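Colleague: Could you take me through how you read burial, surface charge and ring pairs in a model like this one?

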Amino acid sequence: MKVLLFGGSGWLGHHIALNLAAKNYDLTIVTRGQKKTFMQEIANLHLITADKTDEAAMKDLFETSYTHVIDTVPSEKSIRLIHQYATHLQHYIHCSSTGGYAPLPFIPCNETALYNGYAADWNVKRDVDNLVMKLFHEKGFPATVIRPCYITGIGKFPIDNLGDRRPEFIADIIAEKPLDLPNDGKALLQPIHAVDLANSFYLSLVHPDTSIGQIYNICLSHAFTLNDYLALTASVFNKKPVINYMNVDDILKKYGGSVGEVDLRFLAEHMCFSIDKAIRELEYNPSHTPEDAVIETALWAAENTGCKY
């Protein structure tokens with residue numbers, strides 16, 4: 001098995017790289033050389049600099065007989081080039097998102113729900129997911145799609161009360177600053193830890209008979225409300241959140257364009273998913289609880305923004 005990993009220098013990508021390297025896979029990482037944050041973590045691995053949307057580069061790249069391809073940020077163009085030039089391909093896996101299910105037709109939502117896209121970013125994910133599934137059904141393209149929920153873990157700031165990842169969010173909680181929260185704070189949020197998400201790609205690789213041609217929602221065991229999420233985050237610092245409930249439109253008026261409308265409206269949607277399919281077909285068994293993931297992320301954010309508590 002010769003594995004080619006696109007985006008291996010990114011947050012999720014470097015976790016996948018470390019997971020596979022620890023298992024002694026024949027791994028090559030492809031990066032454009034633009035993201036440097038996690039380069040030190042993967043410096044001892046085999047790296048190639050190339051642009052996956054450049055046809056000549058992809059043609060040259062696949063002169064090597066890579067059998068397995070993972071892409072953390074796929075595009076329609078890169079998928080078509082992989083389909084065209086990866087002549088030894090046995091399995092292709094890419095990362096999508098559960099966000100495109102919103103608004104959820106039922107809770108917990110599973111992979112049978114329609115994936116319509118929620119806004120521009122999720123529309124792109126819908127299109128690339130549809131493309132690989134179309135290629136699978138019509139051309140036998142051996143694809144698997146991984147759809148994670150809210151990603152947590154060391155290296156990324158936690159989601160804040162307005163749907164962004166403000167570095168100041170933890171400082172605001174520690175200072176007991178009032179936090180505007182959409183509606184009644186009862187929207188559901190379900191995390192995934194980056195390490196468990198990375199492992200789901202490995203599990204897909206080792207279960208090709210079940211995973212090829214399939215889509216998997218990858219989350220931790222359960223969701224909690226935004227109220228409970230803020231309470232848990234604040235409890236890490238022996239605080240209680242000070243919450244000011246407002247409807248979405250009023251929050252948008254208050255902040256006058258400094259808050260992303262799509263992010264805020266999305267935060268107010270339920271995010272709650274079944275992982276039964278991944279457990280059954282991939283033997284997926286996350287190593288973190290949702291509470292562990294939130295606590296670890298909050299502590300990392302505090303340390304990396306100089307918060308004293």
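Colleague: Which residues of helix 8 are buried?

Modeller: Bear in mind that this is a predicted model. Burial is judged from relative accessible area, with under 20% taken as buried; in helix 8 the buried residues are L226, N227, Y229, L230, L232, T233 and A234. Helix 8, which spans residues 226–235, is therefore mostly covered, with seven of its ten residues buried.

Colleague: Which residues form the negative surface patch?

Modeller: The patch is made up of D51, D54, E55, D60 and E63. Of these, D54 sits in the loop between strand 3 (46–49) and helix 2 (55–61), and D54 is partly exposed, at a relative accessible area of 35%.

Colleague: How many aromatic pairs are there in the whole structure, and how is one described?

Modeller: A pair of aromatic rings is described by the distance between the centres and the angle between the planes. A search of the whole structure finds twelve aromatic pairs. In one of them, the ring centres of Y118 and W122 are 5.6 Å apart and the planes stand at 85 degrees, so the pair is edge-to-face. Y118 is partly exposed at 22% relative accessibility, while W122 is buried at 12%.

Colleague: What links F237 and Y309, and where do they lie in the chain?

Modeller: Their ring centres are 4.8 Å apart with planes at 75 degrees, so this pair is edge-to-face. The pair links distant parts of the chain, 72 residues apart: F237 lies in the loop between helix 8 and strand 13 (243–246), and Y309 in the segment after helix 12 (290–304). F237 counts as buried at 4% relative accessibility, whereas Y309 counts as exposed at 53%.

How values were computed. Residues numbered from 1 in each chain as written. Predicted model: local features only at pLDDT ≥ 70, side-chain atom pairs only at ≥ 80, totals over all residues. Heavy atoms only, no water. Buried < 20%, exposed > 50% of the residue type's maximum accessible area, 1.4 Å probe, protein only. Helix = DSSP H or I, 4+ residues; strand = E, 2+ residues; numbered from the N terminus. Patch = residues over 30% accessible without salt bridge, like charges linked within 9 Å, V, L, I, M, F, W, Y side chains within 5 Å. Areas by Shrake-Rupley, 256 points an atom, 1.4 Å probe, with all protein chains shown as cover. Salt bridge = Lys/Arg side-chain N within 4 Å of Asp/Glu carboxyl O. Lys, Arg positive; Asp, Glu negative; His and termini not counted. Charge placed at Lys NZ, Arg CZ, Asp CG, Glu CD. Phe/Tyr/Trp six-rings, centres within 6.5 Å; stacked < 30°, edge-to-face > 60°.
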